[in-house]
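Morning, everyone. Please take a look at the model on the screen, and then I'll walk you through two parts of it.

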Amino acid sequence: MKKIFIILFVCIFSLGFSQKKKKSKSKAVSEKEVLIIYTEQDAESSKEARIIAGFLKQNPGHAKTDFFKRKLIEIIMADNSPEAKPTITPMSRDKVEKLTGNKNTNSPSVASNSEPKKVSNYASVGSKKVGPTAEHKRTADYLSHIFNHDDADPNAYINIKNKSKCNLIVKITGKKYYNLNVPANGQNYVMVEKGEYVLTTMVCDAKYSSLKKISKDIELQLSVSE
């Protein structure tokens with residue numbers, strides 16, 4: 001009986017020790033909240049419109065303001081990809097006649113003393129969607145926000161820097177709901193209505209949850225600590 005008791009004691013002690021060891025190796029999320037501040041070096045090296053616009057907003061009297069304004073315009077213009085523009089293709093005479101119901105699109109004249117009619121150069125818009133893409137709209141919304149000097153602006157930006165090797169899907173729950181994809185060792189941002197939000201995600205194998213009162217633009221840096 002005594003031997004059985006000793007064996008049970010050893011088993012329980014070993015189990016408890018192994019669980020404690022596993023627990024000590026569990027990962028934890030490290031969070032750092034900072035105000036979004038853009039430096040001249042950021043604006044120099046970046047090809048993102050929001051970073052250059054942010055630098056211009058924070059440094060209105062900077063000596064290189066004109067240079068960064070030109071760079072910002074070039075980036076915005078470069079974002080107007082062909083996919084966002086109509087594709088013009090010529091139409092045949094038969095197709096024009098079907099669309100207009102006019103069988104005499106190339107008739108030289110109506111009366112003997114009238115001048116020949118000019119044939120219009122008809123064209124059609126291709127099947128690709130016309131108008132800004134979702135990313136163009138997001139950039140436009142950000143630029144409107146960043147250059148808005150009204151303190152009553154109801155919106156704020158949350159920029160999340162992911163310093164881990166895992167891709168993140170950050171759920172932002174509050175007045176509205178947002179899902180923000182943040183690539184590994186990258187960053188992403190979203191504009192939200194000011195207010196309280198719960199941010200949740202999994203940083204690799206570590207769970208992250210935090211209540212934030214968003215009253216201004218902020219940046220969150222997330223990483224995993226052993």
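Start with the S-S bond of C166 and C204. Its torsion is about 105°, so the disulfide is right-handed. This is a predicted model: local features need pLDDT of at least 70, side-chain atom pairs count only at pLDDT 80 or more, and totals for chains, interfaces and linings use all residues. Residues are numbered from 1 along each chain as its sequence is written, and side-chain values use heavy atoms, with hydrogens and water left out.

Back to the pair. The sulfur atoms of C166 and C204 lie 2.1 Å apart; a disulfide here is a pair of cysteine sulfur atoms within 2.5 Å. The count by this rule is 1 disulfide. It links distant parts of the chain, 38 residues apart. C166 sits in the loop between β4 (155–162) and β5 (168–173), and C204 in the loop between β8 (195–203) and β9 (206–214). Strands are DSSP runs of E, at least two residues; helices are runs of H or I, at least four; both are numbered from the N terminus.

Buried or exposed? Buried means under 20% relative accessible area, exposed over 50%, partly exposed in between, with a 1.4 Å probe and protein chains only. C166 is partly exposed at 21%. C204 is buried at 17%.

Now helix α4, residues 65–78, where T65 belongs. T65 is buried, at 12%. Leaving aside neighbours within four places in sequence, T65 contacts L56, N59 and P60. Contact means heavy atoms within 4.5 Å. Buried in α4 are T65, F68, K71, L72 and I75. The cover over them includes α2 (40–45), α3 (49–58) and α6 (134–146).
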